[in-house]
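Subject: Structure handover

Hello,

Here is the structure you asked about. My notes on what I found follow below it.

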Amino acid sequence: MPGAWSTRRTAGDRGAPVKFTLVSSAAWLTWLSWSALLLQQAADAWAHQAPWFIWVLKVMPLLLFLPGMRKDNMRSYIWLCFVCLGYFMILVQRIFAQPDSLLVVSGLVAVVILFIAAMLYVRWRARELRTINAAQMDAGD
């Protein structure tokens, strides 16, 4: 995963502590909130003793993005943001029906953080990649 989990070092920083950038922080927060939402959806299906096809409907949309996220594919992160909106709509409805449910509140918090972190990751990572490409173009001239 070139951008998702990597931290940024220069060639002369071999012994220096690793600096975390906004990009790596957003990537870390995206993975953390993605995992939290996945666990919340699984726990919700388990708590309601849902049949297997409900489990698939709850968890599969998140799992579809796993290969693309591991490859640092920006389109996967962008589409993940769109899918988050569906989870957000469902969880907002449920929070009005069950305002005291810690499971629903945790899912809503996870999906909001996931959306914001993934959106910021795409923005900052794309800017970083443009800078790298511009530097390579300048070095090639």
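Arg 94 is buried, with a relative accessible area of 18%. Buried means under 20% relative accessible area, exposed over 50%, and partly exposed in between (1.4 Å probe, protein chains only). This is a predicted model: local features need pLDDT of at least 70, side-chain atom pairs count only at pLDDT 80 or more, and totals for chains, interfaces and linings use all residues. Residues are numbered from 1 along each chain as its sequence is written, and side-chain values use heavy atoms, with hydrogens and water left out.

Salt bridges

What does Arg 94 meet in a salt bridge? Its partner is the side chain of Asp 44, at 2.7 Å, N to O. A salt bridge here is a side-chain nitrogen of Lys or Arg within 4 Å of a carboxyl oxygen of Asp or Glu. Asp 44 lies in helix α1 and Arg 94 in helix α4, so the pair ties together parts that are 50 residues apart in sequence. Helices are DSSP runs (H or I, at least four residues), numbered from the N terminus.

Asp 44 is buried too, with a relative accessible area of 3%. The side chain of Asp 44 also meets that of Lys 58 in a salt bridge, 2.8 Å from N to O. Lys 58 is in helix α2 and Asp 44 in helix α1, so this pair ties together parts 14 residues apart in sequence. Lys 58 is buried, as is Asp 44.

Another one joins Glu 128 and Arg 125, with the closest N and O atoms 2.4 Å apart. Both residues lie in helix α5, 3 residues apart, about one turn of the helix. An α-helix has 3.6 residues a turn, so residues three or four places apart point the same way. Glu 128 is buried at 18% relative accessible area. Arg 125 is buried at 8%.

Helices α1 and α4

α4 has 24 residues, which should span 34 Å at 1.5 Å a residue; its end C-alpha atoms are 35 Å apart, which agrees. The expected span is 1.5 Å times one less than the number of residues. α1 has 26 residues and reaches 37 Å from its first C-alpha to its last, close to the expected 38 Å. Just after α1, Gln 49 takes a positive phi of about 50°.

Buried residues of α4 include Met 74, Tyr 77, Leu 80, Cys 84 and Leu 91. The buried residues of α4 pack against α1, α2, α3 (66-70) and α5.

The core

The largest nonpolar core has 26 residues. Such a core is a set of buried Ala, Val, Leu, Ile, Met, Phe, Trp, Tyr and Cys residues joined through side-chain atoms within 4.5 Å. Trp 34, Leu 37, Tyr 77 and Leu 80 touch the most other members. Two or more residues come from each of α1 (22-47), α2 (52-63), α4 (74-97) and α5 (102-140). α5 gives the most, with 8 residues.

Which residues does Trp 34 contact, leaving aside its neighbours within four places in sequence? They are Leu 62, Leu 63, Leu 66, Met 69, Leu 80 and Leu 114. Contact means heavy atoms within 4.5 Å.

The surface

Leu 57 lies in helix α2. This residue is exposed, with a relative accessible area of 61%.

Best wishes
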